[in-house]
Amino acid sequence: MENLKSGRGIQVVVPGPEHTFTLDEEALEELLLRDDVKDRSVVVVSVAGAFRKGKSFLLDFFLRYMHNKYNLHGSGDDWLGSEDEPLTGFSWRGGSERNTTGLLFWSQPFKATLDNGEKVVVYLMDTQGTFDSETTVKETATVFALSTMLSSVEIYNLSQNIQEDDLQQLQLFTDYGRLAQETSEGAPFQRLLMLIRDWSFPYDHPYGAVGGQQLLEKRLKVHEGQHPELQTLRVQIMSCFEELACFLMPHPGLKVSSDPKFKGNLADISEEFKLCLKQLVPMLLAPENLIVKKIDGHKLKSRDLLLYFKSYINIFNGPTLPEPKTILEATAEANNLSAMAEAKEVYETLMEEVAGGAKSYLQPSRLEEEHHRARDKALHSFRSKKKMGGVAFENLYADRLVKELEEQYEQYKLRNEDKNLFGQVGTMVILLMLALGMYMVGTVAGVLGIESLQALAKTAAMVFLILMAVCIYSRVTGKMRDFTMQLDHLAGYVMDKVGLLGGWRTAATILSYSGVKNKQS
């Protein structure tokens, strides 16, 4: 498919020195903050599991379906492509050495519409294979944790069967889930699909979703005589995910696993494997089956995902694996930051309506009133969002929000002052008129021989000239703004008393608005 050639896997979590990981924030921002997707609810489909078990190979079939269904608006029936077409997309190859490192996102987000009309964006995520000779236990847990915490659909890629140690790998999430459920309702994760590759016992359980569900129920069954630790693990796994499923896949064929020249051509893949692909992929990616990522019942937008990436990468890069309580705190932090970002948008939208770039100058008192109104609405937006961490945590971020809004208000005040043509020119004109007036009074007083009045008037004229010089200095350098604003108020008071303020302000507003328009042109 030609469209696949224009995309690529972007490594957003990169292995670093001393078995740590770093986040490529620039690459992630470029992907998640695109104007056409940043405000859409997000669907993240991730594949995780042991290395050399065909994760990237499987994801490339997902890409074929996504391009056909969403980019090309096809029927979806012929998404597998032609028999002689090589498999492209995420990098994959045969052999015994690992290929994928870190976490990768496909560079082209897929825009979709759910059955209820909601606009979403779908991301496909590939992960570094675990349990190879170069990966520590901490790295393995980190990759698996990031994949599970950030996805709405986690595909747990397993080989041949569900073993007890496969279930033990979920222990960190069950402990986290138990803590999360103490302060919130519902399961903390959405869908977990255990994908069993190279299933060799179709006579016990048939290939596909039905056989997989039979096997899953058997492996997760709690029964008498079972060790309490194993019982607890199974109960917690079932409570942590809104949906648990299993799918049994046959072996793709000897040519796939043994031919070094295999390029992913359908002609070289077994018919049973292709039939199972046609069942599995739409089951996960058809519009009616897409699952939006949620945290504490709140749907994440594409831009929110960036906040969670940052919070999680920080705690997982410590010297040891974080405790479930620490993961919960990081989730609560990102959760509150997301609510803050939405509240700030509310504030900016309201303030731009009255004091944006193309708006005319506002009286300082009116601007302050609008600030209070916008700030209160932003705080209401923040408070009304469902958040994790409790009241104390919420209050901490509410205080931080108010501080940041006050800082934004200061910027609006400066921008508003810059639009004040009366403040920029009128004050200096008034001061000059007052200086000339005092000079004339002094001259008349001199002619009349009133020396005391003459001296007082000349002193006043000198003071007004000095104030005008200070005003010019402030306009040029940007210093002494508070003092200059007091001069503006004094000038406005004088103009108001002589009845000229209304006409001057009208003319100033027209000129100011015209100046903004000219700059925009």
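The following legends describe close-up views of one predicted model.

The model is predicted; local features need pLDDT of at least 70, side-chain atom pairs count only at pLDDT 80 or more, and totals for chains, interfaces and linings use all residues. Residues are numbered from 1 along each chain as its sequence is written, and side-chain values use heavy atoms, with hydrogens and water left out.

**Figure 1. Overview of the chain.** The chain has 18 helices and 11 strands; helices (H or I, at least four residues) and strands (E, at least two) are DSSP runs, numbered from the N terminus. Of its 521 residues, 49% are buried, where buried means under 20% relative accessible area with a 1.4 Å probe, protein chains only. Among contacts (heavy atoms within 4.5 Å) with a separation of 6 or more, 76% are accounted for by residues 24 or more positions apart.

**Figure 2. The nonpolar cores.** A nonpolar core is a set of buried Ala, Val, Leu, Ile, Met, Phe, Trp, Tyr and Cys residues joined through side-chain atoms within 4.5 Å. The largest has 85 residues, and V13, F105, I162, M194, L305, F309 and Y312 have the most contacts inside it. Helix 12 (residues 324-355) gives the most to this core, with 14 residues. A second, separate core of 42 residues includes F61, L63, W79 and A286.

Figure 3. Helix 11 (residues 302-316) has 15 residues and reaches 22 Å from its first C-alpha to its last. This span is close to the 21 Å expected, a value given by 1.5 Å times one less than the number of residues. Because 13 of its 15 residues are buried, helix 11 is largely enclosed by the rest of the structure. Leaving aside residues up to four places away in sequence, F309 touches V12, V13, L23, L28, L103, F105, M125 and L150.

**Figure 4. N335 in helix 12.** N335 is found in helix 12 and is buried, with a relative accessible area of 2%. Not counting residues up to four places away in sequence, N335 touches I295, Y308, K386, K387 and M388.

**Figure 5. The largest cavity.** A cavity is a set of points on a 1 Å grid over the protein atoms alone where a 1.4 Å probe fits but cannot get out, and lining residues have an atom within 4 Å of a point. There are 3 cavities of 30 Å³ or more. The largest holds about 70 Å³ of space, a volume being the space filled by probe spheres set on the points, which are joined across faces, edges and corners. Its lining has 11 residues, of which A180, S184, A187, P188 and D296 lie nearest its centre. Helix 6 (residues 171-183) provides the largest share of this lining, 3 residues.

Key:
On a 1 Å grid over the protein atoms alone, a cavity is a set of points where a 1.4 Å probe fits but cannot get out, and a pocket is an open set with protein on both sides within 12 Å along at least five of seven lines; lining residues have an atom within 4 Å of a point. Buried means under 20% relative accessible area, exposed over 50%, partly exposed in between (1.4 Å probe, protein chains only).
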